[in-house]
Each structure stands twice: as C-alpha cells, then as structure tokens.
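Here is a short report on a protein structure. Please look through the sequence and the model before reading on.

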Amino acid sequence: MEVFLQQLINGITLGSIYGLIAIGYTMVFGIIGMVNFAHGDVFMMSAFIALIAFLLLTAWLGVSSITLALFIVLIVAMLFTSLVNWVIERVAYRPLRGSFRLAPLISAIGMSIFLSNFVQVSQGPRNKPIPPMVQGEFVLLNRNDYAVTMSVRQLIIWGVTAVLLVAFWYLVAKTPLGRAQRACEQDQKMAALVGVDVDRTISMTFVIAAALAAVAGTMYLMYYGVVTFSDGFVPGVKAFTAAVLGGIGSLPGAVIGGLLIGLIETMWSAYFSIDYKDVAAFSILAITLIFLPQGLFGRPDVEKV
Amino acid sequence: MADGASAQRVDMARALRDAGFTAVLALGLLLPLIGFQTITDTRNNLVLVTRWPLLFGLVAFVGIARFVFSIAIAPYLTQRRERPVAASSAARNWMRKWFVSFSIAFVVAYPGIVVLLEGFAGAVKWIDNFGIQILIYVMLGWGLNIVVGLAGLLDLGYVAFYAVGAYSYALLAKTFGLSFWLLLPLAGILASFWGILLGFPVLRLRGDYLAIVTLAFGEIIRIVIINWVDLTNGYAGITGIPRPTLFGIPFNADDNGFAAVFGLEFSPLYRVVFLYYIILVLALLTAFVTLRLRRLPVGRAWEALREDEIACRSLGINTTNTKLTAFAMGAMFAGFAGSFFATRQGFISPESFTFLESATILSIVVLGGMGSQIGVAIAAIAMIGGTEIMRELDFLRRIFGPTFDPTQYRMLLFGFAMVLIMIWRPRGLITTRAPSVFLKERKSISGELTREGHG
C-alpha cells in the first residue's frame, strides 16, 4: 500500500511531464495530420536551454532566490524553444505541406537526427549533471518503517503543470487564436475562406507545442538533475504513446494518456522489472493502436484540439 | 532599362533585409547552444564558457549565405523553372539503356580497379569501408524497398529483422558450429518468420500508425536483446563469430588457409574481396528477385495496394496476405544482410541495431525514390559513401585545426541532408514509374501523378 502510494506520486509526476509533451504531438497531428517526429528532440533541446539559462543565472548573475531563478529559466526556455520550433516548421515542414504523405514524416525524422546531433556536437556527448535545484520533501505517511514522501520538486511539477494546463485550456477554448486553431483542424480550406490565416495558425500551434515542451524540459531537468543529447527519443516516443492512448487529436486525452503512461511505467518498474519498463510503454503503444486506434477519448466525429 | 535597374535595386534592398532578418533569427537560434558551452571543470562541476567568435562567425555566415541565395541562386532557380523541360536526347537514351549494365560491370570489377590503383595494402580500406559498407546498405535498401516502395507500408522498425538475422547467425554458428552457408538461408527464414509474426497484428493499421508500431516493435526487440543477457550477452555483444569459408577453406594465415592452399603470400585482402563478392551477389539477388516478383501476381498486387487499398480489396485481392508477403520478403532480405553483417564484423552488439539504423535505411529508400531500384542504389552510395568519405577529409583538419574531427558531423549533415532533399525533391531522386506490365508501349510516368502509401 505504501509502495503503491509512493509510486502513484512518482507516476503522476512523470505523467505530467509526458502529458505536456503529448499535447504537442496531439495538437500538431490534429491540425496538419503529421506525426512530428522531432518533438521529442525539441523537448531535449529545451532542457539544454534551461540548463544553460540556470547556470547563467546562478553562477554568472548571482541570482540567489531559487524561485525567481526557476521562473526566469522557465520563461527563457519557453521563448527560445518556441523560436526553434517556429523556424523548424517554416524550414522543414511548411514547404512540404500538400506534398505526398510520407514527405513531412521523413523530413521530421531528418530534423530529429539533426537536432540531437546538433546538441551533441555543440555541447558534447557527456551527461550534464547539475546540483539539485530544489531540495526538501514532506513525509505524507509513515507506516511500517516506510515513509511515503513527496518532494518539493514533485510539488512544483504538479503545480506548474496544473497552472499551465488551465492557461492552455483557456487559450484553446476562449481566445480567437484557439478558435482559429479549432477551425483549421476541422477544415483548413473553409477556415481560410472565412478569413482565418491558416499559415499563421499552424505556426502558432508549433510555437505553443514548443512552449509546453519547454515547460516539460525544464521540469525534467529540475526533477532528474541531468540531461544528455539522446534524452529526446524515448520520452518522445512515450509521449507519443500517451497522445495515442488518449486519442490523438484530443487535448484532455493527451494529458490523461500522459498520466496513465507515467503511472504504468512507475508501477511496472516497482512491481515487475525496471529493465523492461520501456518495453511496457512500447507494448502499450502497439496494443492501443491495434485494438483501440481511436484511443480513449478520440472519436472521429468529436470536436478536437 | 531604367525600370530593370530600379527593380534590381529593390531586389537588393529586399535581399539585404532578408539577410538581416535571417541573421537575427540565427542569432536567436544559436545563442543558447552555440554561444554558451557547458563543460565539466576539474572539480567536476558544470560550468559555462562562452564562444562568441564561433557564434558571431556562424551568424555572419548564415546571413551572407542568405544574401547570396536571394541575389544569385533564387533568380537562377526561377529562370530554370520557367524554361521548358528539354526533350530527352539520343545520348541520354543511350546512357539510360546501358547505365545498369555498365554499373554492374563496374561493381564487379571494383576490387580489381582498387587493387590496381592503391596496391594490396591500401585496397583493403577502400573495399571494406566503401565497397562492402555501401553494398550492405544497398541490399537493405532494396529489401526495404519491397515493403515501402512496392507495397507502400511504412516500416520504421526494419532494423529489427536485420538484428534477428545477425543474432540468429551468431548464436547458431557459435553454439552448434554450423557453417555460414547453411545458416544464411536459415537466418533469412527466421527473420521472415518474425516478419510474419510482427506483421500479423499491425497490418490493419494505416500509414503513420503502422510506422509508429513498427518503430515500437523494433525498439522492443532491441531492448530484449539488451536485457536477455543469458542468451545475447547484453550490451557486451557477441564476439568471435565464425568467418565464412570458401568450400571449407578458411581465410586465415594457417597452413590450410586460402593463401597457403593456393600458394599465395598471406594478405587480409583475400578475405575482404571474398566478403565483397558475397554481399555483391546477395544484393544483386535481392534486386533480381524483386524485379521478378514485380511481374508475378503478388508483385502487381503489392503495387496495386500501394496505389489504392480500397480498389484493391474490391477487386478481390486478399490484402492481409499481400501485406504479409511483402513484410516477410522484406524481412528475409534483412535477415540475409544481418547474417552477412555478423560474419563480416565478427562481433555484434545491440549498438548496431538502433532506431537510427532504421531511419538511415528508410531515408535511403525514400531519397532514392520509392520503388526505384536504381534510385535506392544511388541514394545508398551518396548517403553511406558520403558519410564514409568524411573520415578521409584530411584537409578540413588543416583548416580547422588538429582537434577537428569530421566524423562527429556525419549524422548532423545526414539529418540536414534528409530535410533538404525532402524539400528539394519530395518524391526522391528517381521519380518515374515504369509499369511492369503494359498493353502496347512501355510508358514511364512521373511519380507526381500517383498517390501512394494509403495502404
């Protein structure tokens, strides 16, 4: 029971990170129908940007308040990652819109290889460990010499994710940009006819996707305290699994799928085998796609994004 | 005349503005990761160092490149696009007719040419690193071409079957001492068995979803290989895999070795040349079988499936069987290539079967032009030969200093090339479609006119 509770806390933390990345996959798939293969690497790059911003703030500028530092790091990572994804969309995907179906996917795979190798070449292939940004933990329950704890880091991740999801929901549901996005997702030609700037909307979708991935990247860096150039692939595939599990194109589905994948992964590691935890995630991907291709929340006729 | 000059000047202003904008953008993109470098200092702390010269050098380079592009290259491209396509000349037809025969003659004679040019010692590198390495990828590309190019099923986990072939050969040869020639077909059969096994559940999926599930299967097989240490020795891999023999004659320096039996002086070259011809024959076999299969009902069913699955089904074609045969055939050739890879290296580990490998093979097929055998071969030569040749570029070290290692940038350029070629020619290098069956006249059509991959 105590182990289960502890894993539940860990799983939701991990799941929040996956959910934030999964939103990027599901939004881009919803609006232009492509699997943005490079999204995992955009996430990895954002963690590197956060790492550099953090070192710059603490070591060079001497910001001592950790709350302030984290806040600035988050903003900086979101800004730069959005810029990166905006350029990627302009350079690698926009010229291929309307081309044959595999072209954007191949271009995205090329972009993914390019990004991870760019980071490897520019920052070196080694792990980048940083001292823990935030320390401290609360003991929630102490029974049979097993303490169920929740660290401050986990609390921050839960809080930031919740706040951002609310902001994001507001953006999609209530603002003109969100309306344009939903319109483009349903019918691009019609949206263009009634005056929606489709190109701009798609660009903004990539920017938002990158901003959320940057939040996930910053949280990932803060949680694990280490990042390396190859860290984009596996979290990327898992987040994609989350998007598929929740029903690709469905935003609540992406978040819930992310939480489920996070929980399944931590539970699997705790009760079965930590070596095969990736196999669990990949198997869920395959099983979902084979038996439940529309996912938990994706219905073909339902309003998406 | 005056108008032309003013238009020129406006263009110039616009080019400058574009260049400035691009440079600012490049500054934004490169500032975090190029401007700063994270390094571990002597006390094992991560510290930042700046690289302003590199950052501003790159930003200036990007800006200038953009400027040159808009004033020189872009007008040229528009001009070329407006020019009508030249009718194919007699010389071009002649070249097209003899190109394949000439290429095959060249690859057969390649070891001889290299030995003449480089001598015995120098030739090993050229045959091994270029000849064999490229031919393995040509073969893998042709094998995947059956699945992706002919049947239109996007497979991102092709390397799994390559791994099955390699591990089948390595384990069976080491455990039971069976010979390469017996295990080569066996490895192919085992791989195609796995192809059917994995293919069965996934074939009802379409397009992108199929791609992702095959990727998942590829990764699962790799993780199992890593973790099943009792069987596969995990990360450490399998060493001492037996080498192939020529009718029982090994290629070593012993008394019963190849050199001694034929009364020659021992040289590692003989084994390399022998391996070269094995992979050449295997690759040509793949191409030949594929060409023949295209004319059989199953091959035509593959191509019909690629163009339109619903039409295919309404004509009474069993799409499940058709897809499964494509999967199994593709996997079989990967299995052959895998067992050859194992015997050539003498050592295999899960490192050789990562997703990157699948992506490389897929990009070769797509860049070459899906379904085109010649295109795939050209793409394999360009991509693999291109990355191999980067190891040889000594003059770069002279420019950028002795610590400069060009091989580091291989994958970087590889990814960049994939994106660029997709933008330049989304349909691949060779896009024409020649029908395998025709009524009166064989007409090639452009790939632009066909739909594909909706299967």
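How many helices and strands does chain A have? Chain A has 11 helices and four strands. The model is a predicted one.

## Fold of chain A

The radius of gyration of chain A is 19 Å. The globule rule gives 19 Å for 305 residues, so chain A is as compact as a globular protein of that length. Along its principal axes, the C-alpha trace of chain A spans about 65 × 50 × 35 Å.

Buried residues make up 54% of the 305 residues in chain A. Take the contacts in chain A with a separation of 6 or more: 76% of them join residues 24 or more positions apart.

## Where chain A meets chain B

On chain A, 51 residues are in contact with 48 residues of chain B. Several elements of chain A each supply at least two residues to this side: α2 (39–60), α3 (66–93), α4 (102–123), β1 (128–129), α9 (233–246) and α11 (277–291). The largest share, 16 residues, comes from α4(A).

What classes of residue make up the side of chain A that touches chain B? It has 40 nonpolar, seven polar and four charged residues.

## A helix of chain B

Helix α14 of chain B covers residues 373–389, 17 residues in total. From first C-alpha to last, α14(B) reaches 23 Å. That is close to the 24 Å expected at 1.5 Å a residue.

Which residues of α14(B) are buried? They are Gln373(B), Gly375(B), Val376(B), Ala377(B), Ile378(B), Ala379(B), Ala380(B), Met383(B) and Ile384(B).

Methods. Residues numbered from 1 in each chain as written. Chains lettered and ligands numbered in written order. Predicted model: local features only at pLDDT ≥ 70, side-chain atom pairs only at ≥ 80, totals over all residues. Contact = placed C-beta atoms within 7 Å. Nonpolar A, V, L, I, M, F, W, Y, C, P; charged D, E, K, R; others polar. Expected span 1.5 Å × (residues − 1). Buried ≥ 20, exposed ≤ 12 C-beta atoms within 10 Å, placed from the backbone. Rg over C-alpha atoms; globule rule 2.2 N^0.38 Å.
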